[in-house]
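Welcome! Take a moment to look over the model and its sequence, and then we will walk through it together.

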Number of protein chains: 2
Amino acid sequence: MKNFSRQREAVKKVLCSTKTHPTAAWIYENVRKELPNISLGTVYRNLNVLSEERSIKKLSFGDGNEHFDGDISPHSHFYCECCGKIYDIAFDATELCKEIADSAKVNITSAACNFSGKCSQCQ
Amino acid sequence: MKNFSRQREAVKKVLCSTKTHPTAAWIYENVRKELPNISLGTVYRNLNVLSEERSIKKLSFGDGNEHFDGDISPHSHFYCECCGKIYDIAFDATELCKEIADSAKVNITSAACNFSGKCSQCQ
DNA sequence: AATTAAATTAAGAATTATTACTGATTTTGA
DNA sequence: TCAAAATCAGTAATAATTCTTAATTTAATT
């Protein structure tokens, strides 16, 4: 019963085929290689649909763009303020979430532990 | 040698007098009560200056706005996806940062541990 | 396979948040 | 006090994202 959309599948495929945590604009450029007529609005809409379905993740680093991640396994991110690169960090916040949900009496559905600074290449 | 600016002081005062993690627009509205002629651009510029000086913090929750926090003591945030409210969480990421900096061999200058879900009022 | 209803699209206009520019004013430091 | 530097208000410009509409595609039903 799941609705099908060639465009949505293509957006997801492109996002899942990179580890670079791209922006909507990058995804748009790359989906166009396969579907030259796709529009930027369609990319944005489907990124939102996918992220509400929780089959992708939306990341905010305060650099003015949303970034997206096709890897939904529990992990965190490091943002290099110098070169702008985003690195995966092997920290799983699941346990931390439980503790915090308990003590703060809230219902946590997702966590984003974002670290920033200078990456080893930029030092 | 520190430069003085009545506007910058007022922006900081307004931000520090609330616990609501407001947006630039909210800060603008409230600074205007004291300085009716201040412009939105000035608010934005000073928020950036203050946040580069690290005397305030910029927060991104992916809701399309930047939020600001005058409380720079180490703590984390919970964003309610339902009502949009932002709550302080008493989690200090300093230790976690050290561990991660060690294992990932990066230089961490700041961390943002943002949790989201439904707050107790919205449940 | 034909038909209809629902979902989705492309294209571009509109909106919103934020930044940049400009000439005038204020602050600093000698 | 006075010139240089910083900052301002106002406005224009930019950039990211959402919205609108008519057309097309997909799904469900015959």
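## Meeting the DNA

Let us begin with DNA strand D. Of its atoms within 4 Å of the protein, 86% belong to sugar or phosphate and the rest to bases. This is a predicted model, in which local features need pLDDT of at least 70, side-chain atom pairs count only at pLDDT 80 or more, and totals for chains, interfaces and linings use all residues. Residues are numbered from 1 along each chain as its sequence is written, chains are lettered from A and ligands numbered from 1 in the order in which they are written, and side-chain values use heavy atoms, with hydrogens and water left out.

## Polar contacts

A polar contact is a pair of N or O atoms within 3.5 Å; within protein, one must be able to donate a hydrogen and the other to accept it, and residues adjacent in sequence count only if both atoms are side-chain atoms. The side chain of B:Thr42 has an N or O atom 2.4 Å from a phosphate oxygen of DNA strand D. B:Gln7 has a side-chain N or O atom 3.0 Å from a sugar or linking oxygen.

## A sheet across two chains

Now look at the open sheet of six strands, whose order is S4(A)-S3(A)-S5(A)-S5(B)-S3(B)-S4(B), with mixed pairing. (Two strands pair if DSSP finds at least two bridges between them.) Its edge strands are S4 (86–89) of chain A and S4 (86–89) of chain B, each pairing on one side only.

S5(A) and strand S5 (residues 107–118) of chain B pair in the antiparallel sense over eleven bridges. Within chain A, strand S3 (residues 76–80) and strand S5 (residues 107–118) pair in the parallel sense over four bridges. A:Gly117 stands opposite A:Cys80, and its bridge partner in S5(B) is B:Ile108.

Key. Near = heavy atom within 4 Å.
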